[in-house]
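Colleague: I am new to this structure. Please take me closely through one part, the nonpolar core and the aromatic rings around it.

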Amino acid sequence: MSIYEEVEIEDLDYDPATQIYTYPCPCGDKFSISLEELYDGEDVATCPSCTLRIEIIYEEDDLPDLFESDDEDEEEEGGADETDQGAKKEDEKREKDDAGQEEKKEDDDDDDKLAKSTQKKLAI
């Protein structure tokens, strides 16, 4: 793996909202590397549009604090919510099925009464 350039971390642009460092690539796109990757020891940023790579020179102690994204928390909590929602939907479906069966039984009873009434009228 060849490195196009070694770049000091101070020369990269940092977006605290996304926790991503970027640096302009000669192809017109941008090299990018996340703060989490840097904390994990990754020091090579890639360009998504070409094959160039840069090596980031940094000290871990100089990096901003890494915060957990809300998306990860929602996904973890979302798993439980989805399970609860799935169970609720199952319960609702069963209730509807039960109600539908009761309604069908009532309709069948009404049909039977109507049939008997019709038979009596025809017999007269």
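Modeller: What follows is a walk through the core, then the ring pairs, then the confidence of the model. Keep in mind that this is a predicted model.

Start with the core. The largest nonpolar core has 16 residues. Those touching the most other members are I9, Y21, F31, L38, I54, I56 and L63. Four elements each supply at least two residues of this core: strands β3 (20–24), β4 (30–34) and β6 (53–57), and helix α1 (35–39).

Take Y21 next. Y21 is buried, because its relative accessible area is 7% and the cut-off is under 20%. Its contacts, leaving aside neighbours within four places in sequence, fall in several stretches of the chain. I9, L12, D13 and Y14 are among them.

Now the rings. The structure holds three aromatic pairs. One of them joins Y4 and F31: the ring centres are 6.5 Å apart and the planes lie at 20°, so this pair is stacked. The pair links distant parts of the chain, with Y4 in the segment before β1 (5–8) and F31 in strand β4, 27 residues apart. Y4 counts as partly exposed, at 42% relative accessibility. F31 is buried, with a relative accessible area of 1%.

Another pair brings us back to Y21. The rings of Y14 and Y21 have centres 4.5 Å apart and planes at 40°, so the pair is tilted. Y14 counts as partly exposed, at 27% relative accessibility, while Y21 is buried. There is also a cluster to look for: Y4, Y23 and F31 form one aromatic cluster.

Stay on strand β4 for a moment. S34 has its place in this strand. S34 is buried, because its relative accessible area is 19% and buried means under 20%. Not counting residues up to four places away in sequence, S34 touches Q19 and I20.

Last, the confidence. The mean pLDDT of the chain is 78. Of its residues, 57% reach 70 or more. Over residues 72–83 the pLDDT is below 50. Beyond near neighbours in sequence, that stretch has zero contacts in the model. Where pLDDT is low, the predicted coordinates should not be read in detail.

Terms used:
Residues are numbered from 1 along each chain as its sequence is written. This is a predicted model: local features need pLDDT of at least 70, side-chain atom pairs count only at pLDDT 80 or more; totals for chains, interfaces and linings use all residues. Side-chain values use heavy atoms; hydrogens and water are left out. A nonpolar core is a set of buried Ala, Val, Leu, Ile, Met, Phe, Trp, Tyr and Cys residues joined through side-chain atoms within 4.5 Å. Buried means under 20% relative accessible area, exposed over 50%, partly exposed in between (1.4 Å probe, protein chains only). Contact means heavy atoms within 4.5 Å. pLDDT is the predictor's confidence in each residue, from 0 to 100. Rings of Phe, Tyr and Trp (its six-membered ring) pair if their centres lie within 6.5 Å; planes under 30 degrees apart count as stacked, over 60 as edge-to-face and the rest as tilted.
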